[in-house]
Structures are given as C-alpha cells and as structure tokens.
Amino acid sequence: AIFGRWAQAAVDNWGGGDKRRIHVAAEKPFGNSLEDAQKLHDDLLAAGVLEANLHLVDHWLSFFMNRNLPTLRHIVGRRLGASWDASGISKVVITEYEERGLQGRGGFFDGVGQVRDMVQSHLLQVLALALVDPTAKDIRAAKLAILNRTTVAECRLAQYDGFLLQPKLTYHPDFADATLCELTLGVEVESWQGVPVVIATGKAMGDTRYTVEYHRRGGPGVLTFEVGKEETGLGGVRVTAWKLRDDSEIIVPGPGFASAAPLTVTPKVSEEGSGYVVNYTDPRLYFPKPYALMAASLLTHDYEQAFVAYPA
C-alpha cells in the first residue's frame, strides 16, 4: 500500500531510469500477519525495487554485544568450562526493561503493544543468538533451526499504571495493548531440550536493563551478558558465583565499525567467582549507534550485520 507507493515514487523520481540506484531498508513490524509481511514484500518489488536492493533490517542486530554474542560465548565459555547446552545450563533469561514509559508515543504503540514492539523481532533474534552453536559455520541457518523449534509454554501480559492516560490511544473492543510481556519458551532442539527460555520485556519498569543470563545447572552460578551498551551504558560479560578456570588475558572483539581492532582484556573476577570476565567500560572505546552501523553497511554493501533474510 503506502510503502509500495513510496518505493514507486523513489524508482520513478530518483532512479533516473536505473533501478539499481534505489535501495529500500525496512524495519519491523511488517504488518499483523505473515500475509501482511508478504504483501509488503510483494508491493516493494512490484514498485520496481530489485530484490537484491530490498533490505529488511533489525537494529538490535547492530548492538555490539548482540552481533558478537556467539563469539563472546565461545571465548568466555572456555574460561568457565561452560557447556552451551542442557547439560551445563538450566535456564536462560533475556531481559529488556525500559525505565521510561511511552512518554507521548501512544500513537506508535497503539495497536502494537510490547509483543510486536519487542518480542517478535528484536528479542527473538537475541534468543537465537543466545542459543545458537557458536561454532556453527552458517549462523543464519542455525538460528532459523532454533526459531522453527521454539514454542510458547507460558505468557503473562500487563499494563503499567497510567498507560491509558497516554495521548493518541484508541479503544480496542477485542484486545488490549500490553506494556509488559513475560514469556516462557521451550526450544525443542536436542542441545536445549528441557531448558526454559524466559523473555521479559516492559516499559515504565523503573530500571533500564538489556541482559542475557545463563543459569548454571547444578549450582548457583549465573553468567550475564550486558547486551545494550549503546542504550544503557553497560556492556560486558560478568559472573556471579561462577569461578573462572583461567583468568589470564583474553583477546575479544573491539567496538567500532567493520575495521575495529580486537582488544586484549584481563578478567576481574573474585575468588568466589563474581565480577567481570570482559568489561567494555573504558570511555575511550567508541560504540557507534545501531542505525549508524546499518547506514554504513548499506553504503558499503556489507549485509552480514543487522540484516535479516526473507523469505526464509
């Protein structure tokens, strides 16, 4: 519909007769159903945009810690003796809390709610990165295999007090927009069989937190990846009651654009097993904002970061 007309106007007025000049990047939510998403895809192609120039993006994949999550899991796991499967992990918790409420964004949130805003795109991507085999040769295929075997076991929805006073909200007789969503998911792949995965996300939570937690099987240990450095100011990998097997220097990915150099860091973990294995708090480190990384990727035709595949 309207997006197809915009794309048609770009092809007609900016393409100069050359369809290869026009690129379109679109970010979720893509309608209300698979059929809506397919129609959007078809409308953009019908406007004359080449399929190779149609880019579906998810800016959460540009967060530094998210895009490096499999790599950092592989590095840190060897220091902890962690097994990335049901034999070593009893539970995984993915949290996205926003301290603020909507603050005037009712028009955007109306009819969308927390599930479509955060879960069906951003946090399912994080789930796949949190569970995928870090050594997989084809990460995208491995992520898709996980998502195809993910089911909902429990769901709790709620609204924060005062939400209904937000401007630009409308009445829905058949549903309500949740501002809090807590999901317990089952991932029926052999390596994660029986491990509950919890996604908790909400607005007006009094706290801003973007984390992925792994709970050690048979012990109190928790391994936490702080995945929202660009938003929360916190970025790193820390442990609680989980002792390191090796506390020597580690070479880890460095922040920046594609040419960023790796860093050498030293874990700061107590004898009791609490502290940072990797800490990105050095103020001299530069973390580009996700949309800056996406723009750079579009300009350099590097579609390995922040871009999703469709249709699968």
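## Glutamate 98 and its neighbours

Glutamate 98 touches Arg105, Gln114, Gly202, Lys203, Ala204, Met205, Gly206, Asp207 and Thr208, leaving aside residues up to four places away in sequence. Contact here means heavy atoms within 4.5 Å. Glutamate 98 sits in the loop between β3 (89–97) and α5 (106–109). Helices (H or I, at least four residues) and strands (E, at least two) are DSSP runs, numbered from the N terminus. Is glutamate 98 buried or exposed? At 10% relative accessibility, glutamate 98 counts as buried. Buried means under 20% relative accessible area, exposed means over 50%, and partly exposed lies in between (1.4 Å probe, protein chains only).

Aspartate 207 is found in the loop between β6 and β7. Its list of contacts, not counting residues up to four places away in sequence, is Tyr97, Glu98 and Glu99. Along the chain, aspartate 207 and glutamate 98 are 109 residues apart, and their C-alpha atoms are separated by 6.1 Å. Aspartate 207 counts as partly exposed, at 28% relative accessibility.

## About the model

This is a predicted model: local features need pLDDT of at least 70, side-chain atom pairs count only at pLDDT 80 or more, and totals for chains, interfaces and linings use all residues. Residues are numbered from 1 along each chain as its sequence is written, and side-chain values use heavy atoms, with hydrogens and water left out.

## Overall build

The protein has 9 helices and 14 strands. Its C-alpha atoms fill a box of roughly 65 × 45 × 40 Å, taken along the principal axes.

Of the 312 residues, 47% count as buried. Take contacts between residues at least 6 apart in sequence: 71% of them join residues at least 24 apart.

## Nonpolar cores

The largest nonpolar core has 57 residues. Such a core is a set of buried Ala, Val, Leu, Ile, Met, Phe, Trp, Tyr and Cys residues joined through side-chain atoms within 4.5 Å. Which residues have the most contacts inside it? They are Val92, Ile94, Trp192, Val212, Tyr214, Leu223 and Phe225. Helix α6 (residues 113–131) gives the largest share of this core, 8 residues. Apart from it lies another core, of 10 residues, among them Val24, Leu44, Val49 and Leu54.

Phenylalanine 225 has contacts that include Met65, Leu69, Trp84, Tyr210, Val212 and Tyr214, not counting residues up to four places away in sequence. Gly236 and Val237 are also among the residues it touches.

## Two positive phi angles

Most residues other than glycine have a negative phi. Lysine 168 has a positive phi of about 70°, although it is not a glycine. Its place is in the loop between β4 (150–158) and β5 (180–187). Lysine 168 is exposed, with a relative accessible area of 65%.

Alanine 204 also has a positive phi, near 55°. This residue lies in the loop between β6 (197–202) and β7 (209–216). Alanine 204 is partly exposed, with a relative accessible area of 31%. It is one of the residues that glutamate 98 touches.
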